[in-house]
Amino acid sequence: MKLPFHVIELLKRKSANDLHLPSDCELLSLDIQGKTGVRIGATTLKRLLGFAQDERTPHVSTLDAIARYLGYAHWEELAKIEDQGNSDFNSSDDEVRSADLQVGKVVEIAYLPDRVVTLRYLGNNRYKVEQSQNSKLQADDEVEILNFVLHHPLLVVQVWRNGESLGQFTAGRVSGLSSIRLV
């Protein structure tokens with residue numbers, strides 16, 4: 001099974017690796033393991049990226065690890081969100097995609113019990129936290145977020161504080177985002 005085009009594009013962006021050569025899969029394997037703690041072998045990645053002709057279906061745990069690496073809770077969520085995002089007919093007022101925003105746009109999100117975070121879009125899926133009330137995210141943190149989906153957890157691909165990477169962060173795990181507002 002080869003991964004869908006949009007997932008391969010997300011892998012390229014996340015890893016800062018063009019994935020043009022089979023040998024690029026070694027670096028991707030190391031990056032996935034470093035960020036998720038799950039090892040996906042280079043040979044498996046070669047199959048999933050289309051470098052090797054093999055139609056075996058990968059294990060669900062492999063697909064879930066790729067989804068977590070990209071900032072999603074599991075494979076089904078990645079497939080669902082990305083499928084909706086690829087169609088104008090399925091666009092929703094309940095989702096804000098970073099790719100659709102202009103640099104400088106401000107997004108305010110809220111989630112239970114009483115958390116409110118205001119983020120300014122910097123481009124390339126990155127935001128600067130401008131204000132944070134009762135959240136573990138702090139003002140001046142930089143974060144990488146692909147999208148905001150109402151009633152779904154906020155999946156932050158990467159958090160940087162004072163130039164240091166803190167890893168992934170999930171907000172609103174139980175009830176998801178209660179509001180998303182473009183300011």
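Author: The expected span of a helix is 1.5 Å times one less than its number of residues. Helices (H or I, at least four residues) and strands (E, at least two) are DSSP runs, numbered from the N terminus. The model is predicted: local features need pLDDT of at least 70, side-chain atom pairs count only at pLDDT 80 or more, and totals for chains, interfaces and linings use all residues. Residues are numbered from 1 along each chain as its sequence is written, and side-chain values use heavy atoms, with hydrogens and water left out.

Reader: How do you know that the span of helix H2 agrees with its number of residues?

Author: H2 covers residues 24-36, which is 13 residues. At 1.5 Å a residue they should span 18 Å, and the end C-alpha atoms are 18 Å apart, so the two agree.

Reader: Which residues of H2 are buried?

Author: Asp24, Cys25, Leu28, Ser29, Asp31 and Ile32 are. Buried means under 20% relative accessible area, exposed over 50%, and partly exposed in between (1.4 Å probe, protein chains only).

Reader: What do the buried residues of H2 pack against?

Author: Helix H1 (5-15), helix H3 (42-49) and helix H4 (60-69). Contact means heavy atoms within 4.5 Å. Towards H4, Leu28, Asp31, Ile32, Lys35 and Thr36 of H2 meet Ala65, Arg68 and Tyr69.

Reader: At what angle do the axes of H2 and H4 cross?

Author: They cross at roughly 75 degrees and come within 10 Å. That makes H2 roughly perpendicular to H4. Angles under 35 degrees count as roughly parallel, over 145 as roughly antiparallel, 65 to 115 as roughly perpendicular and the rest as oblique. Axes are lines fitted to C-alpha atoms, for helices over the stretch in contact, and angles run from 0 to 180 degrees between N-to-C directions.

Reader: Why does Arg47 count as buried?

Author: Its relative accessibility is 12%, so Arg47 counts as buried. Arg47 lies in helix H3. Leaving out residues up to four places away in sequence, Arg47 touches Met1, Lys2, Ala52, Asp54 and Arg56.

Reader: Ala16 and Leu19 both lie in the loop between H1 and H2. Is Leu19 buried or exposed?

Author: Leu19 has 7% relative accessibility, so Leu19 counts as buried. Ala16 has 72%, so Ala16 counts as exposed. Ala16 has a positive phi of about 55 degrees although it is not a glycine. Leu19 also has a positive phi of about 55 degrees, and it is not a glycine either.

Reader: What makes the edge strands of the sheet edges?

Author: The sheet is open, with 7 antiparallel strands in the order S8-S7-S5-S4-S3-S2-S9. Strand S8 (164-171) and strand S9 (177-182) each pair on one side only. Two strands pair if DSSP finds at least two bridges between them.

Reader: How many bridges join S3 to S4?

Author: 7 bridges join strand S3 (residues 115-123) to strand S4 (residues 126-133). Leu119 stands opposite Val129. Strand S2 (residues 106-111) pairs with S3 over 6 bridges, and these two form a hairpin with 3 residues between them.

Reader: What is the peptide bond from Leu112 to Pro113?

Author: That bond is cis, with omega near 5 degrees. Pro113 sits in the loop between S2 and S3.
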